[in-house]
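Subject: The structure we talked about

Hello,

Here is the structure I promised to pass on. Have a look at it first, and then read on for what turned up.

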Amino acid sequence: MMKINGESSWTEGTTKERQEQCRKYAQEYAAAYRAKNREQLKENHRKYYRATRDELLAGKKEYYIAKCEELKVKRQAYVANNRERVMYKARMRARRLKEQALLAYGGPRCVCCGETEACFLSLDHINNDGATQRKIHGSGGRSYSWLKTHKYPPGLRVLCFNCNLGRHINGGICPHEKIGEVQ
Ligand SMILES: [Zn+2]
Ligand SMILES: [Zn+2]
């Protein structure tokens, strides 16, 4: 027979009471053991983690790759089933991005001829490095979103397509300003 703290023994009380008491002691014992061996347990855990780290990470990576694929399939299905809506939203987003960009670069008005129709307006790289810039961050909508995420860096201005193109085929100066040599 075993007495603990003089409270109870393995033979007293009903089976259920003994089981209950037993569970309580086991919990107390485990808690006391953990408190006493805290550092050692931590170290064990660290060792275990180091030993299985790569395996764990590989598992996680696989999980995320699988999850990523799953999400991709879902997204594609959504796009296929909601084509109209998705296209409409994309158009709205592109329009909004363009409006914001035009506002950030002096407003929706061609700085050369004064054209205000948004459809005719675009951004022009003042230093004529548009081709290089487009290689970096894409053209059109992608460019507008790139500019937004980069807080609209200087070096651009609003020009209409006429003035933009006129400038490029006229040696860098819009024909409105000066009729140059046509290349
Ligand atoms: Zn213009
Ligand atoms: Zn012009």
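What is the mean pLDDT of the chain, and what share of its residues reach 70 or more? The mean is 85, and 82% of the residues reach 70 or more; pLDDT is the predictor's confidence in each residue, from 0 to 100.

Two housekeeping points. This is a predicted model, in which local features need pLDDT of at least 70 and side-chain atom pairs count only at pLDDT 80 or more, while totals for chains, interfaces and linings use all residues. Residues are numbered from 1 along each chain as its sequence is written, with chains lettered from A and ligands numbered from 1 in the order in which they are written.

**Overall layout**

The chain has 6 helices and 4 strands, and along the sequence they follow the pattern β-β-α-α-α-β-α-α-β-α. Both kinds of element are DSSP runs numbered from the N terminus: helices are H or I with at least four residues, strands are E with at least two. Of the 183 residues, 11% count as buried. A residue is buried if 20 or more other C-beta atoms lie within 10 Å of its own, exposed if 12 or fewer, and partly exposed in between, with C-beta atoms placed from the backbone. Among contacts between residues at least 6 apart in sequence, 59% join residues at least 24 apart; a contact means that the C-beta atoms, placed from the backbone, lie within 7 Å.

Strands β3 (121–125) and β4 (156–160) run antiparallel and are joined by 5 bridges; two strands pair if DSSP finds at least two bridges between them. Within this pair, L123 has V158 of β4 as its bridge partner, and S122 stands opposite L159. Both strands are mostly covered: 4 of the 5 residues of β3 are buried, and 4 of the 5 residues of β4 are buried too.

The largest nonpolar core has 14 residues, and C110, V158, L159 and C163 have the most contacts inside it. Such a core is a set of buried Ala, Val, Leu, Ile, Met, Phe, Trp, Tyr and Cys residues joined through C-beta atoms within 7 Å. The elements giving two or more residues to this core are β3, α5 (141–149) and β4, and β4 gives the most, with 4 residues. As background, nonpolar side chains tend to be buried together in soluble globular proteins. Leaving aside residues up to four places away in sequence, L159 touches C110, V111, C112, S122, D124 and N164.

**Helix α6**

Which residues of α6 (residues 161–169) are buried? They are C163, N164 and R167. These residues cover an arc of only 105° around the axis, which puts them on the same side of α6; the arc is that of the directions from the helix axis to the C-beta atoms. The buried residues of α6 pack against β3 and β4. Just after α6, G171 takes a positive phi of about 70°.

α1 is hardly covered, with a buried count of 0.

L103 lies in α3 and is exposed, with 12 other C-beta atoms within 10 Å. L103 and V158 are 55 residues apart in sequence and 9.1 Å apart in space, C-alpha to C-alpha. Just after α3, G106 takes a positive phi of about 100°.

**The loop between α5 and β4**

Here are two residues to look at on screen. K151 lies in this loop and has a positive phi of about 55° although it is not a glycine. K151 is exposed, with 7 other C-beta atoms within 10 Å. Y152 lies in the loop as well, and its phi is positive at about 45° although it is not a glycine. Y152 is partly exposed, with 16 other C-beta atoms within 10 Å.

Best wishes

Definitions and conventions
Two residues are in contact if their C-beta atoms, placed from the backbone, lie within 7 Å.
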